[in-house]
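The following exercises are to be worked through with the sequence and the model at hand. Each task is followed by a stepwise solution.

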Amino acid sequence: MSAVPRKRNEPEADERSSIAAASPSVEFALNVSQGRGLLLPAQKRSRSSSASAEQSRSLPYTLSPMNRFCVPLLTDKYQITMAYAYWKSKMHLQPAVFDLFFRKCPFKGHFAVFAGLEEVMRFVDSYRFTAEQVDHVRTLLPDADEGFFEWLAQVDCSQVRIYAMKEGSVCFPRIPLLRVEGPVAICQLLETPLLCLVNYATLIATNAARLRMAAPNKTLLEFGLRRAQGPDGALSGSRYAYMGGCDGTSNVLAGALFDIKCSGTMAHSFVTSFGRDHQPSAELTVRDSSGQVRDFVRDCFEMRQRLGVTSAHDGELHAFVAYASAYPSGFLALVDTYDTLASGVRNFVAVAATLHQYGYRAQGVRLDSGDLAYLSTETRALFRQYSAQLDIPYLAELTIVASNDINEETLLSLAQQGHEIDVFGIGTNLITCQSQPALGAVFKLVQINDKARIKLSEDISKVTLPARKDAYRLFSSAKIPVVDLLVLGGSEPPAVGERILCQHPFIERKRAFVVPSQVE
């Protein structure tokens with residue numbers, strides 16, 4: 001018994017392929033007839049009727065994969081060898097049903113967040129072998145009949161129908177994320193790429209969601225580009241981390257492609273490039289709010305002296321002055337290059353106070369090492385001290401960002417200790433899913449020619465649930481989802497107010513009666 005579901009609607013009453021993303025109120029159908037993709041918000045239907053795609057308002061949205069490597073050859077060889085064996089046995093067009101699901105929740109948790117559906121839609125919509133790709137398959141199967149390659153050259157997904165839960169939804173083990181229906185050989189060819197598109201996306205979105213739950217009232221930024229497994233891992237990671245709950249990314253390309261807010265300031269290399277004996281450019285000036293050109297370097301050093309700071313690093317102050325002169329309205333400094341509390345924070349305050357005199361407002365500081373709970377608390381104390389000393393009220397509440405190998409456990413520990421951090425930048429542990437690098441979703445045949453199929457195993461977790469199934473999510477009287485219920489395809493759906501016995505498929509003693517107030 002999984003803890004939460006959604007309804008899988010019956011197919012549209014037309015002969016074209018579609019992807020249906022089921023949700024309580026809307027279904028999206030992707031039609032791929034005549035090689036053109038349209039994203040159609042389909043009409044909501046009753047149990048006894050179905051709406052054709054022609055009844056839906058179509059949007060001119062041609063789909064193609066975001067990644068140019070998402071082509072039919074992005075598969076495991078055994079998918080092609082099985083497809084040929086199906087074709088050779090004249091079974092390749094037999095109608096089949098496959099389920100894509102995962103067996104265990106990632107990160108030793110109790111849920112996952114489904115992601116990757118849009119890319120599945122794009123891939124299926126554009127699925128065609130080019131002549132060059134067919135020629136490459138010939139080299140893999142040199143003894144195969146020519147008729148197979150002629151068939152392969154004509155393969156598309158016009159006879160494939162995919163049902164899915166809404167992307168971004170909470171999901172649970174054993175409940176199919178995708179149900180793929182169509183000619184068995186074509187569905188088999190889709191197995192590897194669909195798993196590739198869903199596994200990592202769902203893992204990243206789930207990881208981000210768990211981080212969001214660990215720091216519910218903080219800003220979370222994805223900083224993983226430099227630690228990602230290649231460019232595709234970086235882009236996908238940024239995209240699905242945002243879906244899972246992050247507020248922004250450092251990845252400029254992801255920001256451009258997916259309209260994600262992009263954030264970033266400076267690195268230690270920028271700070272260390274300025275020495276104590278640095279000679280600032282005569283052009284390093286800032287115009288104040290009245291338009292007057294001010295000697296920013298002199299004013300910042302005089303402000304530091306006024307604050308009574310004597311042990312701060314001069315080179316660090318030069319670096320902050322240079323950066324603030326470029327971004328007077330967005331100044332956020334990395335303060336742990338030398339000594340966070342004795343130098344970095346105090347140099348920052350000197351620059352922030354000078355900017356205040358000019359009519360600008362600094363943003364805050366970033367901590368990238370050390371005891372983050374202690375340093376953030378002491379930094380906030382210094383902000384409050386100087387706020388009172390300088391009579392600048394907002395200085396006490398400036399932003400504190402932290403970014404030092406942060407993971408879920410770190411966030412929980414910091415919350416327990418108490419801290420003053422407003423924003424977390426999370427890189428390696430988010431983008432690589434370091435605590436669990438793979439979701440482990442699988443793609444299993446459950447029905448062919450209207451006959452159920454099951455995979456048996458001595459490992460009970462690997463036994464499949466046979467037959468075409470519909471999934472429903474049942475809600476309590478408090479409108480809280482309590483269980484995901486799988487029933488045989490075509491069965492009457494559970495009714496509101498009806499007492500339903502829900503049983504675990506493998507653990508007989510795990511059962512419960514549920515009287516749903518809402519069914520999706």
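**Exercise 1: The surroundings of Glu-181**

In this predicted model, the side chains of Glu-181 and Arg-179 are joined by a polar contact of 2.8 Å.

Task: Determine where Glu-181 lies, and whether Glu-181 counts as buried or exposed.

Solution. 
1. Glu-181 belongs to strand E8, which spans residues 178-183.
2. The relative accessibility of Glu-181 is 13%; buried means under 20%, so Glu-181 counts as buried.
3. Besides the contact with Arg-179, the Glu-181 side chain makes a polar contact of 2.6 Å with the side chain of Arg-468.
4. Leaving aside residues up to four places away in sequence, Glu-181 touches Arg-468 and others, among them Gln-159, Arg-161, Tyr-163 and Cys-187.

**Exercise 2: The nonpolar cores**

Task: State which residues touch the most other members of the largest nonpolar core.

Solution. 
1. This core has 128 residues, of which Leu-178, Leu-194, Phe-331 and Phe-348 touch the most other members.
2. Helix H5 (residues 184-214) gives the most to the core, with 18 residues.
3. A second, separate core of 8 residues includes Leu-474 and Val-514.

Key: Residues numbered from 1 in each chain as written. Predicted model: local features only at pLDDT ≥ 70, side-chain atom pairs only at ≥ 80, totals over all residues. Heavy atoms only, no water. Core = buried A, V, L, I, M, F, W, Y, C linked by side-chain atoms within 4.5 Å. Buried < 20%, exposed > 50% of the residue type's maximum accessible area, 1.4 Å probe, protein only. Helix = DSSP H or I, 4+ residues; strand = E, 2+ residues; numbered from the N terminus. Polar contact = N/O pair within 3.5 Å; in protein donor to acceptor, adjacent residues only side chain to side chain. Contact = heavy atoms within 4.5 Å.
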